[in-house]
Every structure is written in C-alpha cells, then in structure tokens.
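Please look over the structure shown here. The report below is meant to be read beside it.

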Amino acid sequence: MNIKQVSQETQISKDTLRYWEKVGLITDVSRNSSGYRDYTEQQLQQIEYVKCMRAAGISIEALLEYTKLSQQGSETLAIRKQILIAQRKQIVAQLKHFQTMLELLDKKIEKITG
C-alpha cells in the first residue's frame with residue numbers, strides 16, 4: 001500500500017507518516033521498484049498503535065523510548081511497564097481535569113436554562 005493510500009485510510013498526513021518513519025515509530029518500510037514507500041500490514045498496525053497512543057496524549061519521546069525498548073526484548077519489560085504506568089497517570093490526571101471542566105460547564109448551562 002502506498003503512502004497516499006495509507007494516509008487516506010488512517011487519516012494521518014503523509015508528512016506525519018514520513019516523520020514517524022524517520023524517527024523510528026514506523027519501522028522497516030520497504031520501497032517498490034519505483035522507489036515509493038510500500039507499507040505492509042505490520043506497518044499499518046504500527047501506525048494504528050502510534051495513532052492511538054498519540055490520541056491518548058503520549059509524547060513522541062515516550063513512544064520512541066518505549067519502541068526502542070520493545071525492540072530490545074523481554075529484558076526491558078519492567079522499564080516498559082513503568083513508562084506505561086507513568087503515561088496512565090498522566091491520562092488519569094487529564095480525565096480528572098476534563099471532568100472538572102465538564103461539571104463547570106454543566107453548572108453554567110443549568111444557570112442559563114434554569
């Protein structure tokens with residue numbers, strides 16, 4: 001699958017896909033005989049993983065660290081777990097913040113509508 005097709009299917013810009021590949025979040029993308037990127041199912045799974053983690057607010061830096069550790073094998077499981085726990089804590093904090101904002105908006109709406 002070429003980069004245009006992947007971009008359309010995943011709703012990720014071609015520039016972002018190229019960047020993710022450049023920094024190592026998408027690995028082993030081969031090129032066809034014309035020199036164009038040829039994405040496999042494995043790369044599509046990597047893209048969906050990165051997309052999901054980015055949507056959860058996880059930084060590129062944390063994803064890169066996690067990805068590099070994953071490539072080193074099972075001896076890095078403890079470190080990877082700590083990265084995920086730290087990211088989870090950040091998401092929980094964000095959820096609490098959003099819940100507070102939602103409650104404030106609900107109060108404002110209630111005041112207006114009586």
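## Basis of the model

This is a predicted model: local features need pLDDT of at least 70, side-chain atom pairs count only at pLDDT 80 or more, and totals for chains, interfaces and linings use all residues. Residues are numbered from 1 along each chain as its sequence is written, and side-chain values use heavy atoms, with hydrogens and water left out.

## Nonpolar core

The largest nonpolar core has 18 residues. Such a core is a set of buried Ala, Val, Leu, Ile, Met, Phe, Trp, Tyr and Cys residues joined through side-chain atoms within 4.5 Å. Leu17, Trp20, Leu25, Ile26, Tyr39 and Ile47 have the most contacts inside it. Helices H1 (3–10), H2 (14–23), H3 (41–55) and H4 (60–72) each give two or more residues to this core. Helices (H or I, at least four residues) and strands (E, at least two) are DSSP runs, numbered from the N terminus.

Trp20 is in contact (heavy atoms within 4.5 Å) with Ile12, Leu25, Ile26, Ile47, Val50, Lys51, Arg54 and Ile60, leaving aside neighbours within four places in sequence.

## Ile12

Ile12 sits in the loop between H1 and H2. Ile12 is buried, at 12% relative accessible area. Buried means under 20%, exposed over 50% and partly exposed in between (1.4 Å probe, protein chains only). With neighbours within four places in sequence set aside, Ile12 touches Ser7, Leu17, Trp20, Ile47 and Lys51. Ile12 and Ile47 are 35 residues apart in sequence, and their C-alpha atoms are 8.8 Å apart.

## H1 against H3

How do the axes of H1 and H3 cross? They come within 11 Å and cross at roughly 40°. That makes H1 oblique to H3. Axes are lines fitted to C-alpha atoms, for helices over the stretch in contact, and angles run from 0 to 180 degrees between N-to-C directions. Angles under 35 degrees count as roughly parallel, over 145 as roughly antiparallel, 65 to 115 as roughly perpendicular and the rest as oblique.

Val6, Glu9 and Thr10 in H1 meet Leu44, Ile47, Glu48 and Lys51 in H3. By class, this contact has 3 nonpolar, 1 polar and 3 charged residues. Ala, Val, Leu, Ile, Met, Phe, Trp, Tyr, Cys and Pro count as nonpolar, Asp, Glu, Lys and Arg as charged, and the others, Gly among them, as polar.

## Positive phi

Most residues other than glycine have a negative phi. Gln11 has a positive phi of about 60°. Gln11 lies in the loop between H1 and H2 and is exposed, at 66% relative accessibility.

Asp28 also has a positive phi, near 60°. Asp28 is in the loop between H2 and strand E1 (30–31). Asp28 is exposed, with a relative accessible area of 66%.
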